[in-house]
Amino acid sequence: MLALENMDRQTLDGRVIYVELAKPANKQIGDSKITGCKGGVKCIDEERRVLLTFKKHLTDPSGRLSSWSGRNCCQWNGLSCDNHTGHIVKMDLRNPYPYTAFNEEWDSMDYQQSCLSGKINPSLLSLKQLYYVDLSWNDFQGIQIPNFFGQLMSLRYLNLSYAAFSGEIPHFLGNLSNLNYLDLDSRHSNDLFETLSSKSLSWLSHLSSLKYLNLGGVDLGWAGVSWLHTVNMLPSLLELHLSACGIDSNQLPLSLPTLNFSSLSVLDMSANYFNSSIPSWFSSLTSLRTLDLSHNSFVGSIPTEFASFRYLEHLDLSANQLQGQIPELIGNFCSLKTLNLADNLFEKEGIRDVLNGLADCSNTRLELLDLSLNLLESELPASIGKLQKLQYLSIAFNSFFGSIPESIGNLSSLKLLSISDNHMNGSIPESLGQLSQLVHLGLSQNFWEGTLTESHFINLTKLESLFIGTIRPVPLIFNVTYDSLPPSKLRRIMIENCLVGDTFVVWLQSQTELLNVILSGTGISSIPEDWLLKISSQVEHLDFSNNQIKGKLPFQSKFPKLLILDLSRNRFSKSIPLNFGQLMPNLQELVLSDNHLDGTIPPSICEIPHISILSLRNNQLSGEFPPAWSLWSEITVVDVSNNNLFGNIPSSMGIPSSLFILKMQNNNFVGQIPSSLQNCSMLSRIDLGGNKLSGNLPSWIGSRSMVTLRMLQLRSNSLSGHIPQDLCNLSDLHVLDLAHNNFSGTIPKCLNNITSMGGEESTVWSPYEMYAEQTTIMSKGRELEYGHSSVKLVKSVDLSSNNLDGQIPEEISSLIALGTLNLSRNHLHGKIPSTIGNMSSLETLDLSHNHLLGEIPQSLSALNFLNHLNLSYNNFSGRIPSGDQLRTLTDPSIYEGNPSLCGFPLSTKCPGDDKPTTSGNLPFEDNDEDVNEKLGLYVSIALGFITGFWGVCGTLLVKKSWRHAYFRFFDNIKVKIIVAIAVKVARLRRRNV
């Protein structure tokens, strides 16, 4: 939103400066007027011929220069003549369709069709009186700025921005001593290599009249600190735009001895590579009205010297790493129109004083306030209602708590209100319904409660986006008489975990201009097919997940712009339409999981060229999987688990190398694992378990092309042969599940090469985190379900129920981050490695039903997180080790089937256990010294308790003020803990669903 604000502001600022500055300097021209289409002035024939030569070298696909014919060039489009002399003085060939951020009506085809391109002919040098040239927003396809521009000595205004020039900026531009306005912004180039650069800006020092300078997107990374010294030699400069210039902190001194451009009113240094504190010399720019330092990595706090910015109107420090409290001095900036501090690390409650300060300004001018994506913790003060010129207010993604103040209804100019993803609670005030100018309302992901009525929406006639939902277990209730709602034309609606009522669907049918529809957990039981038909031509996102909708899929017409379709967790039945791929040709995400769909997967789905997510899990689909995988060049997720699919896994599935997640478990697939999978170099998770696959485990699974693999689950198949040593090359593997197969041979000793299980973690767990997957892992003796975020914490090796023999390799003890190790139901022999106690993260250890022997290592007692242990049906002997954690595992079945074992928790006593015991299983040693030590310990504990108890409680009893402060402190702590736990639990539930 602020980007739009900035772009509009920069364009406006540029036009204002041109009106003030781009006037003829000499008396003859200064007293004259320029003319465009007036018939009183005829152009000069020589200049007309020059212009025709200039036109000849340009490519003009839209015919913008078609008027350049006839005798009077003063009437040609884009040209203006001096009213007295007839000389061409102005050439404005700016593209009439410039890109504007967030402008949904902007048409890229119109823009591209209107771009001039080709060669800029030096015949322009004959236009001696030309003082204004604007070629912006065209496409000159990477050519260099012509050197001859430096000979157009009358130029006062030169705008070559966004015109796809590239290469070194010619230093000849330094000859244009009359230049007031220079715009070379190249940030919107279509080609990353078509950018301008400058190794030295020394040529700028000659432009002493320059008042506006925009070098946005120009690569100044090689200019060193000279850029600043050069700019400091421009005393007339009023605006300086250096956004995305590749400047780093080494090129930005923290102090500057002298400052010559102190008249600067606009400074934009956004999107560079600064990672230092904000330089102190900025505070000397006391005339600043606009300061934009956004999208850098500035650290530290906002300098107190900023108090000198008395005239500041626009302050943007967003997308940095600033921290601490937002200083109270910001509340004294009564001239502010926009304040953007989003996406930083600001914290605590200082924001309350800032908001109160801004609200107390006698003539508040604030129009935009963005505090989103920080760590702020505060209530929203009632004084917010005094900012009556506010148009954009966003505090989303913080930890604001409490309720929305009723005074919010006083913000009569408000167009955007975003409070999503906070800890706000209570009921939503009806005063929101008074915000008649509101276009976007975001209230999702909070702890709202209560009921919404028509009063909440009564005057929201301009509303285009509505996002609302609660993460409380109890949903919000819509008690709305929809017939009484004012007419509105929503374009985006997101309602989550709210019971909307039976008549909501009737009201929904009046919303025919929707682009995005998300109605998840609303209790609706149907989707009106007539309404779908009305929005089918423009809708881009449909999400009706987690409802009670039943019947067939309601799609009969074509949805040419639909990108995302999510109908998961409903009661849809019957089959997917055979022509589904033709109905949704541009679909990118298809999620139909957790329904009752049957029939086959239609082959037409493979004809959707840009699909990236296909999730059909937990249905009743049957038949073979369509073979034409090769048509999916952008596929990232395929999840067809828990269906009745059969046949071979298509060999073409490895052709699209973009695949990240493949889940086909619990079907009836047969044959071998297709070798084409080795082409999927980005593959992160494979689950083919619960099928009828056969053959060997291919060695290519451990090849270099599979290094991104994090989960390999092949359990419950008929795979055989040895476990290949190449598997150890998967250094980032988190889950290895080969259980319930027919593998033979020994356990690879090289498993210690899987460094992620040894404690080394890769920085990126998976390249694709958008899919809300579900993963089943056997652990602690049962199946556990994990969501897409929690599964990243699981590290497990399960080789159970195979035909493995040999010994447990000692190297396995180095897997100190492993949480689950299951080697049960094999033919292993020998002893448990004595170093098993090194596996400090182990929670589940199952070695049952093998031929292991010898004593159980004492180091097992060092496993402090162990809560599931099974050593049954082996040949262990001797005393069961004791230890704090092992003593909590009291089930004797852990050790059954080992007749030579003795000691707790078995009833079999070990030799020497007949002596009196203190615990019932360990020998008691009569030791007077121990008794004396225990007596001393008990006395010390008693004295310590008495002293500590009365030292604290006695003081609280005597001093009333201390007592009140003490209990107030713990009340606050209690509230914060409860809120924090509730937020965490709710978010985990939502992500895992």
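**Exercise 1.** Determine how many cavities of 30 Å³ or more there are, and characterise the largest cavity.

*Solution.* The model is predicted: local features need pLDDT of at least 70 and side-chain atom pairs pLDDT 80 or more, whereas totals for chains, interfaces and linings use all residues. Residues are numbered from 1 along each chain as its sequence is written, and side-chain values use heavy atoms, with hydrogens and water left out.

Step 1. On a 1 Å grid over the protein atoms alone, a cavity is a set of points where a 1.4 Å probe fits but cannot get out. Points are joined across faces, edges and corners, and the volume is the space filled by probe spheres set on them. The count is 6 cavities of 30 Å³ or more.

Step 2. The largest cavity has a volume of about 160 Å³. Its lining (residues with an atom within 4 Å of a point) comprises 14 residues, and F457, L466, L485, L490 and W507 lie nearest its centre.

Step 3. By class, the lining of the largest cavity holds 13 nonpolar residues, 1 polar residue and no charged residues. Ala, Val, Leu, Ile, Met, Phe, Trp, Tyr, Cys and Pro count as nonpolar, Asp, Glu, Lys and Arg as charged, and the others, Gly among them, as polar.

**Exercise 2.** State the strand order of the open sheet formed by 4 strands, and identify its edges.

*Solution.* Step 1. Strands are DSSP runs (E, at least two residues), helices are runs of H or I of at least four, and both are numbered from the N terminus. Two strands pair if DSSP finds at least two bridges between them.

Step 1. The order is 15-17-19-21, with parallel pairing. Strand 15 (299–300) and strand 21 (375–376) are the edges, each pairing on one side only.

Step 2. Strand 19 (residues 345–348) is joined to strand 21 by 2 bridges, and E347 stands opposite L375 in strand 21.

**Exercise 3.** Describe the disulfide of C43 and C73, and compare the handedness of two further links.

*Solution.* Step 1. A disulfide is a pair of cysteine sulfur atoms within 2.5 Å; the structure holds 5.

Step 1. The sulfur atoms of C43 and C73 are 2.2 Å apart, and the link is right-handed, with 135 degrees about the S-S bond. C43 lies in the loop between strand 1 (34–35) and helix 3 (45–56), and C73 in the loop between strand 2 (58–59) and strand 3 (79–82), so the pair ties together parts 30 residues apart in sequence.

Step 2. C43 is buried (under 20% relative accessible area) at 9%, and C73 is buried at 0%.

Step 3. The disulfide of C74 and C81 is left-handed because its torsion is about -100 degrees. That of C902 and C910 is right-handed, since its torsion is about 105 degrees.

Notes:
1 Å grid on protein atoms, 1.4 Å probe; cavity = no way out; pocket = protein on both sides within 12 Å on 5 of 7 lines; lining within 4 Å. Buried < 20%, exposed > 50% of the residue type's maximum accessible area, 1.4 Å probe, protein only.
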